[in-house]
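Subject: Handing over the structure

Hi there,

Here is the structure I promised to pass on to you. Have a look at it first, and then read on for what I found when I went through it.

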Amino acid sequence: MTEPPPEAAETPPAARTPLGRRFTLLMAVLLLSSLGNGLCFPFTSIYISQLLGLGSRAAGGYFIAMAAASFAAALLGGPLADRRGPHRVGAIGGAALAVGYGLLAPADGVALVLVSGACVGVGFGLFYASIVGVVDLAVPESGRRRAFTGRHIVNNAGIGFGSVMAGLALHGAATPTGTLRWLYLANAAAAVPLVVVIQALRPKAAESQASKKGPETDGGTSGPTYRTLLRIRPMALLVVAQALFAIVGFTQIEATVPLLMHDHMGITLGWVSAVVAANSFALVALQPLLSRRLERLPETVSLAAGPVLWAGAFGCGLGAALAGPSAPAAVRHGLLLAFAVVFAAGELTYSSAFYPLLLRWSGEEAVGRASALASLAWNLGTASGPAIGLFVLSQTSATGSWVALAAGAGAAFAVSAALPSPFSRLGSPPGR
């Protein structure tokens, strides 16, 4: 990997540009929306199949409808965001989320459940095809890396706090079905401020430029197509890296690692919960400590550092497995907490670099399409990652599973390390 030229050096820490009120307002409503998602997402399959009495097929149908709609909406939303601006597409996506979650609250049959899943899928597809552009336009270019790191933390913190609030609300509830209906309504309501703020943040210049555009060519699109973007080697590698980050990293800490600790290492549920919570708290605690240091690194170096840190984190887990039940509890638990903290550091290096690189290599004319590709790669990773991890877990021991996880992180490093300088894209670096 090569470093960017001297003129691309980061702004000295002492001269950091404030991210501004627009970004703060956007993060506030994103936090509220993420908190709403946290109220519901762990319980949806239980709610549909058991509490509504519709069975596992209906629950599966909900997620299939959501995935299919999300895929189609992302493909359509990317070019639309490039032509009409990301704010309009993001606002429509937020509105679809509100409608989808609102429909699930009164659902009592399969048809409404499927319609709800489709609406939620459209919402996520449009939202993730546009949110990168919305965040980018809310901050100065020198603040991109801090902005996307902040967005990652806000998303995780909102989901974490929402899950805690939902657990408290459902604990001892006489009618869990009724309580969940109210939680889905609360989730729908939490998306409304997001719609309002995204629309309010829409730059006036975007409206005038959109109105001045003449007839578009290339089948109704402008700028690079999906095929053109994927022919750019750095962009193709970045999309592959996104899928790998989801497969070998983010889904493993959510799906495989808790089961690995509990079933294969004899870690109690309380400590499993503590490790997951430590990861969330570490994200918040490490951000101010690492932010300036990460901004001094070239973005490609920061991105490649993520899987390296994850391999180290999995190594901590391996150490806990090798220590075995006979080791002092402080040693095993300490190594598992170290795993959670080091993994969080890897998440921060990823979040500070991935989307700034995506913006540089796509150019302003194709941010929506590039964001859609990244979203589709992420969805592919989150769909396949748990199945892969659980298969590995079923075929090997605790030590073998930790080694396999570290090997997966090595594969993600190999791809991200192949990325060139962030300025090796078509033409010169994009302006603002």
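Before the first number, one term: two residues are in contact when heavy atoms of theirs lie within 4.5 Å. Among contacts in the protein between residues at least 6 apart in sequence, 86% join residues that are at least 24 apart. Please keep in mind that this is a predicted model.

**The overall picture**

The protein has 432 residues, and 50% of them count as buried. Its secondary structure consists of 15 helices and 0 strands. The accessible surface is about 18,000 Å², with 68% of that belonging to carbon and sulfur atoms.

**The nonpolar cores**

Which residues touch the most other members of the largest nonpolar core? That core has 82 residues, and the answer is L26, L303, F314, F339 and W402. Helix α10 (residues 233–265) gives the most to this core, with 16 residues. If you pick F314 and leave out residues up to four places away in sequence, you will find that F314 touches V248, V257, F339, F343, W402, L405, A406 and A409. There is also a second, separate core of 23 residues, which includes L39, L97, V113 and L180.

**The aromatic residues**

F339 has another aromatic partner, W402. Their ring centres are 5.5 Å apart and their planes meet at 70°; because angles over 60 degrees count as edge-to-face, this pair is classed that way. Here the pair links distant parts of the chain, with F339 in helix α13 and W402 in helix α15 (residues 398–417), 63 residues apart. Both F339 and W402 are buried.

Ring pairs link F148, F245, F250, W310, F314, F339, F343, Y350, F354, Y355, W378 and W402 into a cluster. Y355, one of that cluster, also has a charged neighbour: R151 lies over the face of its ring, 5.7 Å from the ring centre.

Is G346 buried or exposed? It is buried, because its relative accessibility is 0% and the cut-off for buried is under 20%. G346 sits in helix α13. Not counting residues up to four places away in sequence, G346 touches G306, L309 and W310. The C-alpha atoms of G346 and L283 are 9.5 Å apart, while the two residues are separated by 63 residues along the chain.

S116 is found in helix α5 (residues 110–137). With a relative accessible area of 0%, S116 is buried too. Setting aside its neighbours within four places in sequence, S116 is in contact with Y62, G100, L103 and L104.

**The salt bridges**

Side chains of opposite charge can pair when their charged atoms come close. How many salt bridges does the structure hold? There are 2.

R369 forms a salt bridge with D82, and the closest N and O atoms are 2.7 Å apart. Because R369 lies in helix α14 (residues 367–395) and D82 in helix α3 (residues 55–84), this pair ties together parts that are 287 residues apart in sequence. Both R369 and D82 are buried.

In the other salt bridge, the side chains of E299 and R360 meet at 3.1 Å, N to O. This pair also links distant parts of the chain: E299 is in helix α12 (residues 299–323) and R360 in helix α13, 61 residues apart. E299 is buried, with a relative accessible area of 5%, and R360 is buried as well, at 11%.

**Where to start looking**

Note on methods
Residues are numbered from 1 along each chain as its sequence is written. This is a predicted model: local features need pLDDT of at least 70, side-chain atom pairs count only at pLDDT 80 or more; totals for chains, interfaces and linings use all residues. Side-chain values use heavy atoms; hydrogens and water are left out. Helices (H or I, at least four residues) and strands (E, at least two) are DSSP runs, numbered from the N terminus. Buried means under 20% relative accessible area, exposed over 50%, partly exposed in between (1.4 Å probe, protein chains only). Accessible areas come from the Shrake-Rupley method with a 1.4 Å probe; for residues, only the protein chains shown count as cover. Rings of Phe, Tyr and Trp (its six-membered ring) pair if their centres lie within 6.5 Å; planes under 30 degrees apart count as stacked, over 60 as edge-to-face and the rest as tilted. A charge sits over a ring if NZ of Lys or CZ of Arg is within 6 Å of the ring centre and within 35 degrees of the ring normal. A nonpolar core is a set of buried Ala, Val, Leu, Ile, Met, Phe, Trp, Tyr and Cys residues joined through side-chain atoms within 4.5 Å. A salt bridge is a side-chain nitrogen of Lys or Arg within 4 Å of a carboxyl oxygen of Asp or Glu.
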